[in-house]
Amino acid sequence: MISYSLSMRSTIKTPSVSPADAISRRSLMGGAVAGAAMLMLPYRAAAAPVEWRLAIRNVHNGERVDALLARGGQFIPGGLAEIAHGMRDWRTGEVFPIDRQLLALLVRLRETLGQPANKAIDLISGYRSPATNGALKAAGGAHSGVASKSQHMLGKASDIHLPGVALDR
């Protein structure tokens, strides 16, 4: 299962412990239980990602982007700008910031399916300007499948295809 609430920032803080409280039976048992739980998790779930890279190919104009989004738990502004440009509204050229949780989901999806970081994901639809969304909705009528308040207009949705990966996978 892929989680939508991925975070790049570590929230673990080192507690301050006085020598008198350094080791108690409760803390020893808690540590043992936590350690055993970590051993049961798959390696990828237990380890923090070192790099988040996303390669996309826009199926409408053939443009390719291979962006380094994050390194060492920190987002890289240049990589975010590069992917926003690649996922822009290709009809109007309007660029909009892409939601970081969507990017995290795309990276995790690619990793879960065992695809290499440099293998491009086919982008069918990324960001859509309100004007483009309205035009698509009007052109398709009531059964267009285009939502009037589409998440595409917020940079929170994308339609993709992973070449070589069956849909039932």
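**Exercise 1. Find the volume of the largest cavity and describe its lining.**

Solution. The largest cavity has a volume of about 50 Å³, where a cavity is a set of points, on a 1 Å grid over the protein atoms alone, at which a 1.4 Å probe fits but cannot get out, and a volume is the space filled by probe spheres set on the points. This is a predicted model, in which local features need pLDDT of at least 70 and side-chain atom pairs count only at pLDDT 80 or more, while totals for chains, interfaces and linings use all residues. Residues are numbered from 1 along each chain as its sequence is written, and side-chain values use heavy atoms, with hydrogens and water left out.

Next, a search of the whole structure finds one cavity of 30 Å³ or more. Lining residues, which have an atom within 4 Å of a point, include Asn-58, His-60, Trp-90 and Tyr-127 for the largest cavity. Strand β4 (residues 121-125) gives the largest share of this lining, three residues, a strand being a DSSP run of E with at least two residues. Sorted by class, the lining holds four nonpolar, four polar and four charged residues.

**Exercise 2. Decide whether Ser-129 is buried or exposed, and list its contacts.**

Solution. Begin with the position of Ser-129, which is in the loop between β4 and α5 (130-140). Its relative accessible area is 1%, so Ser-129 is buried (buried means under 20%, exposed over 50%, partly exposed in between, with a 1.4 Å probe and protein chains only). A polar atom of the Ser-129 side chain lies 3.1 Å from the backbone nitrogen of Thr-132. Finally, leaving aside neighbours within four places in sequence, Ser-129 is in contact (heavy atoms within 4.5 Å) with Asp-89, Thr-92, Glu-94 and Met-153.

Note on methods. On a 1 Å grid over the protein atoms alone, a cavity is a set of points where a 1.4 Å probe fits but cannot get out, and a pocket is an open set with protein on both sides within 12 Å along at least five of seven lines; lining residues have an atom within 4 Å of a point. Helices (H or I, at least four residues) and strands (E, at least two) are DSSP runs, numbered from the N terminus. Ala, Val, Leu, Ile, Met, Phe, Trp, Tyr, Cys and Pro count as nonpolar, Asp, Glu, Lys and Arg as charged, and the others, Gly among them, as polar. A polar contact is a pair of N or O atoms within 3.5 Å; within protein, one must be able to donate a hydrogen and the other to accept it, and residues adjacent in sequence count only if both atoms are side-chain atoms.
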